[in-house]
Structure formats: C-alpha cells, structure tokens
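Here is a short briefing on one protein chain. Keep the sequence and the 3D view open as you read.

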Amino acid sequence: MAKLILTLDGSYINEYTLSHPRTTIGRKSTNHIHLDNLAVSGEHAVVIKQGSDFFIEDLDSTNGTRLNHSVIKKQLLKNDDVIELGRFNLTFLADAANNGDAFEKTMMVHPSVFDTKLHQSQSEVKPATAPNPSNGIASHSTSVQISESETQPSTVGKVQVLSGANIGRELVLNKALTTLGKTGVQVAVITKRPGGYFLTHVEGKVLPVVNGVSIGVQARALADHDVIELAGVKMEFYLANA
C-alpha cells in the first residue's frame, strides 16, 4: 500500500499508510497527520486517493505547499515525490505492485550512490506519539513537535558490499530513507530513525535475510555487523564514528 514517510531536517519521524480516501495534513489535532508547528496551517493539505492514483492538494494554506521545491495547488503524486510543508518533508512511496521501475534498480548497478560524505542533521525531533519500532507505521493521527535544541550523532550507519561486482564498496546511510535491491526481484529500504536503523521489505516474493534468518514482513532493527542478503548480494551493516 502507498505510504508517506515523514522527516524533519533529514531525520526520520514516522510513516503513514494512505488507506483513507482523504488523508488530511495540518496543525489541528483532528488531522490524520498532525504537525504541531506554526509554519503549518490548521488544515494545510490533503492527499486524495482516486483509484490507484494519489493527488496532493493545498487547502489554501498560509505558507503554501511545495512538491519537489515547486509551489502547487493540486498535483498527481509519483513515487519518491517530496511534499514540503515548512521544515517537514513527506516522501511519497507508491504501492510496489503499481510502481513499475520507480525504485532504483539496484545499488550495485549504480555505484555512484556510494558516497563517503556525511551530512548530519542539526535538529532534534520529538514526536508526541512515538512510532512502533516493530513496524514503524501509524494507524492513527500523530502529533509532531519541533525542538530547537541541536544534537550531534556520535555514530553513523554504513553498508559494505561483501559479494558481487561491487565488493568492498561502502554506502553511508545519511538519508532518512535508503532504497536497496533490484526492481522486479527484491527491494528493501533502510530507514534512519531516532532509535537506530531499520530494514523493511518492500518488493519481491523472497524476504531479505539478516544473519541467515528471514526478517519477515515487519521492520527489523539492525545491529552492528549484521549481514544482510538482498537480491543475491551480501552486505554488512555497521556503525562508524561520525
């Protein structure tokens, strides 16, 4: 099912499945996605489900709604589109069954994604309702507040390829959401959350394996030196000094 990934200044906050005909976003607590910040209007925007399509519509908000940096009134959503409301970003992930080639084909095919630079978030996020670490998906409205205090993470997650053509290459997990795998075969995402890094299955009949055991359908917390098997490639997750 299609979902929205909520981030603030690059830090993961929560996930929302788009199961309602209209998913409302705004500062009022009655919204499905409640963003408690003055830059967000009481009833700021809405995601409308029409068949297999989803549209984002601005509800005459004070500061407007941006999609991929452009101000919009109403726009069809495509996979990986980013909705911007103040300092919040909502990344749209389409249903894998209708997604075609929208995901990156594979991180092994695109070695340019292996970047050794780390961009650290400068803000601490305090969700009023913490996401369930077992699945990271909210089934009800969630309030999110911004704290102005700054934090510096002491460690950062990395993935090193252990087999295949790109053996030895490293990927720094400095984004809130990193897509891994091969479209049409097996796709998973690693999400960066306040509680650590989590691996979640997205596409494919075969589930990812960590340390020789299938992760199942729920998000799995990653530990230092876990070995991930995905799309025929082995890779090691580890924590490094930031």
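A salt bridge here is a side-chain nitrogen of Lys or Arg within 4 Å of a carboxyl oxygen of Asp or Glu. Asp226 and Arg220 meet that rule, with their closest N and O atoms 3.0 Å apart. The model is predicted. By the salt-bridge rule, the count comes to five.

**Salt bridges**

- Side chains of opposite charge can pair when their charged atoms come close.
- Asp226 is buried because its relative accessible area is 5%, under the 20% limit.
- Glu15 forms a salt bridge with Arg193, and the closest N and O atoms are 3.4 Å apart.
- Glu15 lies in strand β2 and Arg193 in strand β18 (residues 186-193), so this pair ties together parts that are 178 residues apart in sequence.
- Both Glu15 and Arg193 are buried.
- A network of salt bridges links Lys3, Glu15 and Arg193.
- Lys73 and Asp60 also meet in a salt bridge, at 3.1 Å from N to O.
- Lys73 sits in the loop between β8 (70-72) and β9 (74-76), and Asp60 in the loop between β6 and β7 (65-67), so the pair ties together parts that are 13 residues apart in sequence.
- Lys73 counts as partly exposed, at 43% relative accessibility.
- Asp60 is exposed, with a relative accessible area of 66%.

- Six of the six residues of β1 are buried, so β1 is largely enclosed by the rest of the structure.
- In a regular strand the side chains alternate between the two faces of the sheet.
- In β1, Lys3, Ile5 and Thr7 point one way, while Leu4, Leu6 and Leu8 point the other way.
- β1 runs antiparallel to β11, and six bridges join the two.
- β1 also runs antiparallel to β2, again through six bridges.
- Ile5 stands opposite Thr91 in β11, and its bridge partner in β2 is Glu15.
- The hairpin of β1 and β2 has two residues between the strands, and Asp9 in this hairpin takes a positive phi near 55°.

**Nonpolar cores**

- In soluble globular proteins, nonpolar side chains tend to be buried together.
- The largest nonpolar core has 24 residues; Leu4, Val47, Ile56, Leu77, Ile83, Leu90 and Phe92 touch the most other members.
- Elements giving two or more residues to this core are β1 (3-8), β2 (11-17), β4 (33-36), β5 (45-50), β6 (53-58), β10 (82-85) and β11 (88-93).
- A second, separate core has 19 residues, including Val159, Val161, Ile190 and Tyr197.
- What does Leu90 contact, leaving aside neighbours within four places in sequence? Its contacts are Leu4, Ile5, Leu6, Ile25, Ile33, Asp81, Val82, Ile83 and Leu85.

**His32**

- His32 lies in the loop between β3 (22-26) and β4.
- Is His32 buried, partly exposed or exposed? His32 is partly exposed, because its relative accessible area of 27% falls between the 20% and 50% limits.
- A polar atom of the His32 side chain lies 3.1 Å from the backbone nitrogen of Thr24.
- His32 and Val46 are 14 residues apart in sequence and 9.4 Å apart in space, C-alpha to C-alpha.

**Thr200**

- Thr200 is found in strand β19 (residues 196-203).
- Thr200 is buried, with a relative accessible area of 12%.
- Not counting residues up to four places away in sequence, Thr200 touches Ala188, Val189, Arg193, Ile215 and Ala219.
- Among these contacts of Thr200 is Arg193, the salt-bridge partner of Glu15.

**The open sheet**

- Strands of a sheet pair through backbone hydrogen bonds, either parallel or antiparallel.
- Six strands form an open sheet in the order β16-β15-β24-β23-β20-β21, with antiparallel pairing.
- Its edge strands are β16 (170-172) and β21 (213-214), each pairing on one side only.
- Strand β20 (residues 209-210) runs antiparallel to strand β23 (residues 226-230), and two bridges join them.
- Val210 stands opposite Ile228 in β23.

Technical notes. Residues are numbered from 1 along each chain as its sequence is written. This is a predicted model: local features need pLDDT of at least 70, side-chain atom pairs count only at pLDDT 80 or more; totals for chains, interfaces and linings use all residues. Side-chain values use heavy atoms; hydrogens and water are left out. A nonpolar core is a set of buried Ala, Val, Leu, Ile, Met, Phe, Trp, Tyr and Cys residues joined through side-chain atoms within 4.5 Å. Buried means under 20% relative accessible area, exposed over 50%, partly exposed in between (1.4 Å probe, protein chains only). Helices (H or I, at least four residues) and strands (E, at least two) are DSSP runs, numbered from the N terminus. Contact means heavy atoms within 4.5 Å. A polar contact is a pair of N or O atoms within 3.5 Å; within protein, one must be able to donate a hydrogen and the other to accept it, and residues adjacent in sequence count only if both atoms are side-chain atoms. Two strands pair if DSSP finds at least two bridges between them.
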